[in-house]
Each structure stands twice: as C-alpha cells, then as structure tokens.
Amino acid sequence: MKFASKIAMSLTLALSGVSLIAIQPATAKKHEAEAAPQQAAKPGQDYVLTPAVRTAAGEAQAAIKANDLATAVAKLDAAKAAMATDDDKYVVGSLGYDLSIAKQDQTLQNQSIDLMLGSGKVNQRMSQDTIWQLYVNQSQLAYDAGQFRKTEFDIEQALKIENANNTQLYPMLVEAKAKLNKPAEAIAALETGIQKMQATNQAVPESWLKRGVALAYNAKLQPETIKLCQQWIASYPTNDSWRTSLQIYRDFNRTLDGDATLDIFRLMRAVGALSAESEYLLYAQPLYIGYPIEAETVLKEGIQKKVLSATDSTVSKWLSTARLKVAAEKADLAKAVARDSKAATGKDAFTDGTLALGAGDYSLAINLFTIAKSKSGVDNDLTTLRLGMAQALAGQKDAAKTTLATVQGSRAPIAQFWSIYADTHVATPAA
C-alpha cells in the first residue's frame, strides 16, 4: 500500500500573474529621488525592485503571456542574476512559478517556491491559505524528488498554519520521518494525526493504522506497536487485524506464562483468528489432560477446518485422552458452585471457573470466578481477567469492560485486548 498518497494540489495563488504596473525600482535616478522620496512598498500593491530586475521581469511576464517560453526562460534567468532585494526574490519567484506551470517543469517550480518562501515577503503579500498551499506543494515536490528533510520541514511549516485540510499532511510527514530513520518521531506524528481526526469525528483510514503498526513493529517500539494494534482492531475488527495484532503481541512477549498464552489463544479462537496447525497444537497441548472439554472442542475445530488431521498420531492421542474425561468433567462442574462456595480459599473456584470457561458455560464461569474473587489464595489479576473474559464471551459488554479495566500488572495488555473484543463482538455461542 502507498501510505503517502499524493495530495491533490490546485494552486490558485494570489501571486499568479503578478502585475508589474505598480512596481517601484529599488534605486531611482537621483533627481527623481530628490523630487519625490520613494514610498515604502505596500503589501499586495507595490514592489521595490532593482531596475534590472524590473526590466527583465516585465519582459519575462510578457513572454509568458505570449507563450514564448524560450524568451521567458532567458529573461527570467536575467532577472535572477540581478536579484538584490527581497521583493526581487518574491517577484522573480512568482514569475518562475507561472513559467513552471506553462512548461510543466517541477524543478523550476521547486526553485521558484523556494525563492518566494525565502523572500520573507509571503506573509505581507499572500493569504495564509495560499502560504499553506505553497508549503504543501513544495513538500510534495520534495518528496517526489527524494528530498525528505525538505519534505519534513515544509510539512511542519504548513502545519503551523490553521487549515481544515491539515490532517491530510500527516501521512507524508510520517513517511518523510520514516525515510530519515526517525521511527519514534514518525509514530508521534501519526498519533497526532489520528488525534486530530478523532477530534473532528473523522474515521481514521485503516491504511494509517496498518502503516503505523508496521513502522513501530519494525523499529521494535513495543508500547507504541501494541497501542496502534489496539487502535487498529478497535476501529477495524477483522480476522486480519486481530490475527496480526495478537501475533505481534506474542512475538514481543515470548516468555508469557502458560495462563497468558492460553488466554491469547482463547481470544484468537473467539475472533476466528486461529488458522495454523502449530497454533491449534500449542493451544491444545496444555489442555488435553486437565481441561478435556476445551481440548476436545479445540481439536475438533482444527479438524473441521482441515488445519489438523484426525489421523495424525498426536492429534488422535490428545483427542482420545480428552474424550475419556469429558463426561466426568461435566458431572463435576454441575456440583462446582455448591462445593466451591464452602471452600476456605478460592483456588478450586478459580480452577472450576476456568473449566467452565473452556466448556463454553459462561454463566457458570462468571459465578465461579466471582466466588474465587471473594476468597483468598488466588491471583487477583488473573482471576479478574478470566471473569472479564467470561463476561465478554457471554455478551455482557459493559460488565466485561468494567471488570477488565481493573486488571493490572503484566496481564493488563491482555485485558485491554479482551475489552476491545467485548466492545466489538456479540456473545459467543457455548461450545
């Protein structure tokens, strides 16, 4: 995808076709100066030019009007050679801009805009919108020419001017900073652009978020990457966004404990992002002995999707082992609430809640995790996370988000992913 798409420019510059009628020479004949002191230039009206520039510029303007481009080029070169004042630079730049349009000459256009902006006269003689357009046009020319420092400078100057179209500038600024090997600044610029769009209720393009994720991930900026991943799935909750984002999270956190890994796989399954044989096997391996109902469900799903083969020796062994325990687990869960309510600690309620969660009995899981949280002996953040997961899978959006927001420590990022799931998905049917 091309992130920095060209910004359509239709420059209707106030400087286009500068009239030379009111131009005043910078140096007048002595008797003229004595007779009538030269007036200071008036913005938009008078230009203080050296005589040589005044003459050559007038001839260049006439040649442009007559479409005599060869003569216009020669006269413009003569005017450039004679430049001495800021008004000289401004007028020569404006004529050069007109000539660049006639010739379709981007190099000349680039040089001419440089002259105008460098003259120090643009704030006197142009509207702020026109100055903004100049900087934007210049940034595009610089970007196309591979001049990324200039692109960066011009866009940052344009962004200092209030303009309704400023949000369009951030993609190119991000790309320029990326080309200059400034990934942290590129991501900061992208975040600013996103905030500006959100502040005006504009939808952030998915391409912005995907590009930001790629830039941050390749630069190994973990907090920024995860934040952008979460923005991406919250705005565009597709299998692609979920799968990529959760894979990135796992890649950044290769030392996740078993519980965290399972909770990521559970989320991948809930959003339909499980697709590789290795994922199904890594998910099922810690389950088939202790969590048989969930193990059976996961393995059967993998077989149904033709990701796993029922004749594979490992798959066949795990599936048969799990099936031997399914009936006993279901019978045990039927007694769990009564039994665990009387227990001295919440350990059994937590274990049974996890069994119920894997079995797809989310109502029972919610009850058991609630019991576990009311007792000692459990990991509070893990128990709260599992409670929020059960609520999210049951379609209890508001309750899930409230619960998950209280998860702290290393499990907080996983809770944030599950909170986005609660916000963007309907209830998941029981297994």
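Ground rules. I number residues from 1 along each chain as its sequence is written, and side-chain values use heavy atoms, with hydrogens and water left out. As the model is predicted, local features need pLDDT of at least 70 and side-chain atom pairs count only at pLDDT 80 or more, while totals for chains, interfaces and linings use all residues.

Overall. I looked up the elements and found 23 helices and two strands (DSSP runs numbered from the N terminus: helices H or I, at least four residues; strands E, at least two). Of the 431 residues, 47% count as buried (under 20% relative accessible area, 1.4 Å probe, protein chains only).

H11. I checked the span of helix H11, residues 206-218: its 13 residues reach 18 Å from first C-alpha to last, close to the 18 Å expected at 1.5 Å a residue (1.5 Å times one less than the number of residues). Its buried residues are Trp208, Leu209, Gly212, Val213, Leu215 and Ala216. They pack against helices H9, H10, H12 and H13. Lys220, which follows H11, has a positive phi near 60°.

H21 and H22. I looked up how helix H21 (380-393) packs on helix H22 (397-404): the angle is about 165° and the axes are 8 Å apart (axes are lines fitted to C-alpha atoms over the stretch in contact; angles run from 0 to 180 degrees between N-to-C directions). That makes H21 roughly antiparallel to H22 (angles over 145 degrees). Residues of H21 that meet H22 include Leu385 and Met389 (contact means heavy atoms within 4.5 Å).

Notes:
Buried < 20%, exposed > 50% of the residue type's maximum accessible area, 1.4 Å probe, protein only. Parallel < 35°, antiparallel > 145°, perpendicular 65-115°, else oblique.
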